[in-house]
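Keep the coordinates open as you read.

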Amino acid sequence: MQNKREQKKYRQYDQLVKRLTPGSNYLQGYVRAFWVGGLICVIGQLISIAGEEWLGMTDASASMLTSVVLIFLGTTLTGLGVYDDIGRYAGAGSIVPITGFANSIASPAIEFRREGLVLGVGAKLFAISGPVLVYGIVSSIAVGIIYWLAGRIF
Amino acid sequence: MNQTLFFKNRIAVRSRASMVGPKEGKGPLAEYFDVIMPDDLLGKPSWEQAESEMVRRTVLMCAEKGGLPAESISVVLAGDLLNQLMSSGFAARELGTPFFGLYGACSTFVEGLVLGSVLIDGGYRENAVCAASSHFCTAERQFRFPLELGTQRPPAAQWTATAAGAMLLDARKENAPAYVTHGTIGRVIDYQITDASHMGAAMAPAVADTIMAHFQDTKRDFRDYDLIATGDLGWIGRNLLKELLIQRGVKVDDEKLFDCGANLFYQEQDPHAGGSGCGCVASVTCGYLMKLMEQRDVRRLLVVGSGAMLSTTSQQQGESIPGIAYAACLEGE
């Protein structure tokens, strides 16, 4: 009985909190994420085309070039202290592209430099991106096994 | 259950000092702070050392303003948000005074004020310096993400203030602008809030509980106070507190309810729901609120510091966020 009353009290408070807390402006968020994220992708596409047309690269080399240049840009903008401002504005628009991945590795590297190269930078470098890598690699192994099995069966 | 201490002797607020970071120094209360730091580092190699330096300087400035040589400080009660109280402990190493390190999250300053008054009232200490600090950069890296990570903060999130405040208490007979007359010990209250970016919601029930206890123990209500100042509920938490008090039958006087965190920044400074951190209530009390008492615009003040007693571990293990609040009553002549 006591417990039920407590639960009711917490539920009521939860409703009060929801009522008095303003929500995020989703529409504005979508628009900003779309144009910034889109712009990053357009830049990537231009790099790829430039690689193929001007440098005579193959398809695979051009996409490699694109990744390298975008990672360089993301890391540089993080170091200059600009990328967090872009992120605050664009949200997922600048987190999801590869530049966001570069930011997630460069920012802990800067942050934990004061704790030394081994226990600071070395240990914390993947503090943000670690989970993405772990589950990215695990799922790629799973997909690889399925692909291999499917090739055997069919 | 009685939670309020009635001090028998006059515990005088002899002096006060406050120091804030550059962003806080552009806020609406800027003119009331003693020192506005030109940058976040104070010439130190790390933010943690800078925060420690803030504590040290604020304590010394407070003693100096009170005419007390540093070696005559009989106890320093201080705390901050960092693991193992790094800022306060390392500041105390430099100060060399007797020291109590306190952790009450953002309520630490008021917790120290109550305990310091107890030590003086009991005749155990001649004076006490109560201090607390927080630093945006040290708190971010411990509780959240690296500074340069491009993330968005939800509307209910609060901005940890880079700030420190210190108050010198003693039992000397000379007149002082304010006296600590009561202290109310808080209880840890948990209303099952799990969103770590909504501290105001986690702490408001604890603040309501402590204010109710204070009113019951002292048989007072809003009419007996010129101002009731909460620490860092932010403006959303302040509205929640108002609702909770009204639900419990308190006649709330909206103009008398002031939140330090909600008033530390302008909205254009993008603090979302307001300022937070141990240094928020400490600097605003030692800067702005004590100025109001000195000018006699406020004769009787209830300052309620509130803290969210979470840790990064409790958060990862899925625990809800418990809150606590301490209250101290300050009265002018």
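Helix axes are lines fitted to C-alpha atoms over the stretch in contact, and angles between them run from 0 to 180 degrees between N-to-C directions. The model is a predicted one.

Start with two helices of chain A. Helix 3 of chain A spans residues 59–79, and helix 6 of chain A spans residues 98–111. Their axes lie 8 Å apart, at an angle of about 40°. Angles under 35 degrees count as roughly parallel, and 65 to 115 as roughly perpendicular. Helix 3 and helix 6 of chain A are therefore oblique to each other. Their crossing is right-handed.

Now look at the residues in that contact. Helix 3 of chain A brings Ser67(A), Leu70(A) and Gly74(A), among others. Helix 6 of chain A answers with residues including Gly100(A), Ala102(A) and Ala106(A). The contact holds 7 nonpolar residues, 9 polar and no charged.

Next, turn to the two chains. Chain A places 27 residues in contact with 23 residues of chain B. On the chain A side, helix 1 (2–20), helix 4 (83–90), helix 5 (92–95) and helix 6 each supply at least two residues. Helix 6 of chain A gives the most, with 7 residues. That side of chain A divides into 12 nonpolar, 11 polar and 4 charged residues.

Finish with chain B. Its secondary structure comes to 9 helices and 13 strands. The radius of gyration of chain B is 18 Å, close to the 20 Å from the globule rule for 333 residues, so chain B is as compact as a globular protein of that length. Its C-alpha atoms fill a box of roughly 55 × 50 × 35 Å along the principal axes. Of the 333 residues of chain B, 58% count as buried.

Technical notes
Residues numbered from 1 in each chain as written. Chains lettered and ligands numbered in written order. Predicted model: local features only at pLDDT ≥ 70, side-chain atom pairs only at ≥ 80, totals over all residues. Helix = DSSP H or I, 4+ residues; strand = E, 2+ residues; numbered from the N terminus. Parallel < 35°, antiparallel > 145°, perpendicular 65-115°, else oblique. Left-handed = near helix turned anticlockwise from the far one by under 90°. Contact = placed C-beta atoms within 7 Å. Nonpolar A, V, L, I, M, F, W, Y, C, P; charged D, E, K, R; others polar. Rg over C-alpha atoms; globule rule 2.2 N^0.38 Å. Buried ≥ 20, exposed ≤ 12 C-beta atoms within 10 Å, placed from the backbone.
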